[in-house]
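Okay, hi everyone, thanks for coming.

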Amino acid sequence: MNRERSHGSIQTSRAIIVMTLLFIVGFASGYYTDTLFSSQTVVWKEDVAWRTESISISGSTTVLPIANACAIAFMNKYPGTSITVTGGGSGRGYSEVIDGVVDIGMASRPPKQKEINDAKEKGVALWLYPIALDAVCVVVHPSVNKTLKLTLQEVGKIFAGIYTRWSDVDPSLPDEPIYVVVREPGSGTRGTFEEYVMEPYGYDVTDAAHVRPSNPAVRTTIETTPYSIGYVGLGFVTSKMVVVALAEEEGEPYIYPSIENIASFKYPISRYLYLVTSTRPESGSLADRFIDFILSPEGQEIVEEQGFLKLPRYPAGV
Amino acid sequence: METRSFKKGLPKLFMHLRSQPIEFVLFLCASFSVVILLLMLLFVVMEGSLAFTRLGTQLILGQMWKTNSDLYGGFPLIYGSLMVVSGALLISIPLGICTSIFIAEILPFQLRDPIKSVIELLASIPSVIYGFIGVTFLAPLIASIFGLQSGATAFTASLILAIMVLPTIVGVSGETISAVPIEYKEAALALGASKWQTIRNVILPLSKSGMLASVMLGFGRAIGETVAVLMVAGNVAMVPTPPWNYLAPVYPVTAVIAMQMGEAAVGSLEYSALFGLGLILFIITFAVNTIADVIVRRRPVGRSVQL
């Protein structure tokens with residue numbers, strides 16, 4: 001019995017050795033050709049090294065459509081470059097830039113103190129590049145009302161669960177329960193929203209809030225759920241929802257998130273969107289050129305196409 | 001008994017490894033998954049330890065999950081997971097076991113394999129597709145049937161999960177039914193038992209343990225499912241009122257982890273609490289899988305059967 005077995009194992013061991021050798025040869029040849037090609041390009045011309053570079057970007061799902069569209073335009077313009085864009089939220093954008101996992105982060109809010117401390121501990125400096133203007137729009141399902149006007153505090157009370165029925169907000173609104181939709185903690189959109197609407201009044205989001213992981217998910221939920229309220233970035237507003245006009249306080253004018261109102265920061269929840277790097281990218285590197293591309297007229301055109309606002313040519317108010 | 005066989009087996013193994021280099025390579029390959037499992041467990045325990053020391057039982061029993069105020073009470077989440085999974089099993093156990101009996105005993109021989117592979121095909125559909133169908137089709141349907149504001153409820157998630165675990169339950173319990181020795185069936189039939197009597201008095205008692213195991217495996221599959229559940233469960237971190245209200249939204253553990261992990265600052269209490277939840281999930285599935293394993297091992301074929 002033993003002899004039979006050892007005979008069998010010799011045959012299998014031969015097969016395995018051959019397979020292993022094939023693998024090794026395969027890997028080695030792949031590696032060899034790889035180094036061959038890359039050394040060729042380096043020798044070719046120093047200045048165009050960025051044309052074969054690849055960078056990765058991750059972070060805010062609000063900024064994602066801009067970065068994605070710009071990456072595609074950029075790669076079409078300069079074939080050979082490779083830019084990978086993934087979402088994950090502003091928190092991920094900052095943490096991965098700090099850890100050096102990605103080259104560029106996307107953020108829809110400035111860094112938190114914890115993130116700044118983290119960066120300091122790891123000895124990196126965060127560089128923020130504003131690339132577009134955005135507004136967090138409070139939106140409701142059309143069943144609530146076709147033109148809804150609320151003060152920031154009223155919105156806060158809705159999201160804090162102090163108002164639970166629409167008729168609590170205003171007797172003229174339907175006597176139906178409010179379906180509150182929020183983003184997950186850490187989301188830049190949620191951060192901005194709470195900074196303007198919840199924190200000034202000391203409110204906290206109600207337990208009964210429905211959490212959604214992205215702007216598109218909030219959009220779908222609002223579109224399909226009667227008597228729902230939520231908030232999305234400007235680029236995610238559709239005709240199937242009603243945008244709420246907001247006033248800073250009772251008695252102040254109610255303002256819609258129109259282009260002029262956001263650019264002049266009259267709309268209460270206006271914000272910048274950022275790209276983030278851990279050190280200043282080397283001049284002429286792919287990361288540097290990509291950021292320049294987004295800030296160029298061509299890139300800003302894409303920003304507008306995606307439903308956001310171009311950076312004002314001069315600082316607002318000047 | 002297990003440890004004794006270990007004591008006997010290990011020296012044997014090392015002798016083989018010393019004499020046969022190629023078997024050593026195979027040994028390395030085989031130990032890979034075991035090592036990975038141990039490393040993962042270690043990692044989860046390490047990352048979650050902060051939450052367990054800081055929060056203690058609060059992580060399991062606490063009622064409030066509020067990241068803003070650094071409150072990490074996992075009870076509503078664990079409750080949500082168990083609620084969704086038990087709902088799914090309530091639907092899929094009768095459905096799955098009836099299907100497997102039908103396939104193994106009643107369906108003509110020629111049709112068995114095609115039908116089986118159709119059911120197995122269910123397992124190969126990516127879970128995000130289930131979630132997608134749940135969001136676009138099932139949720140609105142449930143909302144209109146029950147007159148709800150939104151169809152994203154525990155019931156919707158259970159329904160989707162029930163379909164997802166069906167192949168596991170049908171597959172494993174089908175195996176145990178076909179493992180019942182043909183002589184037992186023939187004996188029963190020869191004694192004049194009808195087909196249904198044979199199924200009820202011979203086949204079911206003999207394959208009981210295998211069916212239980214299939215349910216446990218289904219449980220493991222269901223409780224770990226993330227994407228589909230995240231899309232249809234509604235995600236409200238509260239125990240529904242009343243607690244058995246399946247038409248209310250819930251926030252299962254896997255959905256919370258998937259949703260918040262990307263945003264949690266590494267090393268924060270939130271991050272650790274998420275790992276802690278992961279560990280709890282790990283322990284639950286591990287326990288259930290172990291029980292299933294033990295049950296499958298003592299398959300009582302060969303016991304006398306009372307007709």
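This is a predicted model: local features need pLDDT of at least 70, side-chain atom pairs count only at pLDDT 80 or more; totals for chains, interfaces and linings use all residues.

Chain A has 318 residues, and buried ones make up 43% of them. In terms of elements, chain A has 11 helices and 11 strands. If you take the contacts in chain A between residues at least 6 apart in sequence, 72% of them join residues at least 24 apart.

Where they touch, domain 1 of chain A puts in 11 residues and domain 2 of chain A puts in 13. And what sort of residues does domain 1 of chain A bring to that contact with domain 2 of chain A? Three are nonpolar, seven are polar and one is charged.

Let's zoom in on a strand, E6 of chain A, residues 179–183. Five of its five residues are buried. Remember the rule about strands: in a regular strand, side chains alternate between the two faces of the sheet. In E6(A), one side has Tyr179(A), Val181(A) and Arg183(A), the other has Val180(A) and Val182(A), and all of them are buried, so both faces are covered.

Who are the partners of this strand? E6(A) runs parallel to E8(A), residues 228–233, and two bridges join them. Look for Tyr179(A) opposite Ser228(A) there. E6(A) also pairs with E7(A), again in the parallel sense, over three bridges. In that pair, Val181(A) sits opposite His210(A). To get from E6(A) to E7(A), the chain goes through H7(A), and this β-α-β crossover is right-handed.

Next up, helix H3 of chain A. Is this helix enclosed or open? Nine of its 10 residues are buried, so H3(A) is largely enclosed by the rest of the structure. The buried ones include Arg92(A), Tyr94(A) and Glu96(A). Among the elements covering the buried residues of H3(A) are strands E1, E2 and E3 and helix H7 of chain A. Just after H3(A), have a look at Gly100(A), which takes a positive phi of about 75°.

Okay, on to the place where the chains meet. Here 30 residues of chain A are in contact with 26 residues of chain B. On the chain A side, the elements giving two or more residues include H1, H3 and H4, so H3(A) turns up again. That side of chain A divides into 11 nonpolar, 12 polar and seven charged residues.

Last stop, helix H12 of chain B. The 29 residues of H12(B) should span 42 Å at 1.5 Å a residue, and the end C-alpha atoms are 41 Å apart, which agrees. Its buried residues include Tyr271(B), Leu274(B) and Phe275(B). The buried residues of H12(B) pack against several elements of chain B, among them H2, H4 and H9.

Let's finish on Leu274(B). Why do we call Leu274(B) buried? Because there are 25 other C-beta atoms within 10 Å, and 20 or more is the cut-off. Leaving aside neighbours within four places in sequence, Leu274(B) is in contact with Ile257(B), Gln260(B), Met261(B) and Ala264(B). And Leu274(B) is 215 residues from Leu59(B) in sequence, with their C-alpha atoms 9.7 Å apart in space.

Methods
Residues are numbered from 1 along each chain as its sequence is written. Chains are lettered from A and ligands numbered from 1 in the order in which they are written. Two residues are in contact if their C-beta atoms, placed from the backbone, lie within 7 Å. Helices (H or I, at least four residues) and strands (E, at least two) are DSSP runs, numbered from the N terminus. Ala, Val, Leu, Ile, Met, Phe, Trp, Tyr, Cys and Pro count as nonpolar, Asp, Glu, Lys and Arg as charged, and the others, Gly among them, as polar. A residue is buried if 20 or more other C-beta atoms lie within 10 Å of its own, exposed if 12 or fewer, and partly exposed in between; C-beta atoms are placed from the backbone. The expected span of a helix is 1.5 Å times one less than its number of residues. Two strands pair if DSSP finds at least two bridges between them. A crossover is right-handed if, with the strands pointing away from the viewer, the path from the first strand over the helix to the second runs clockwise.
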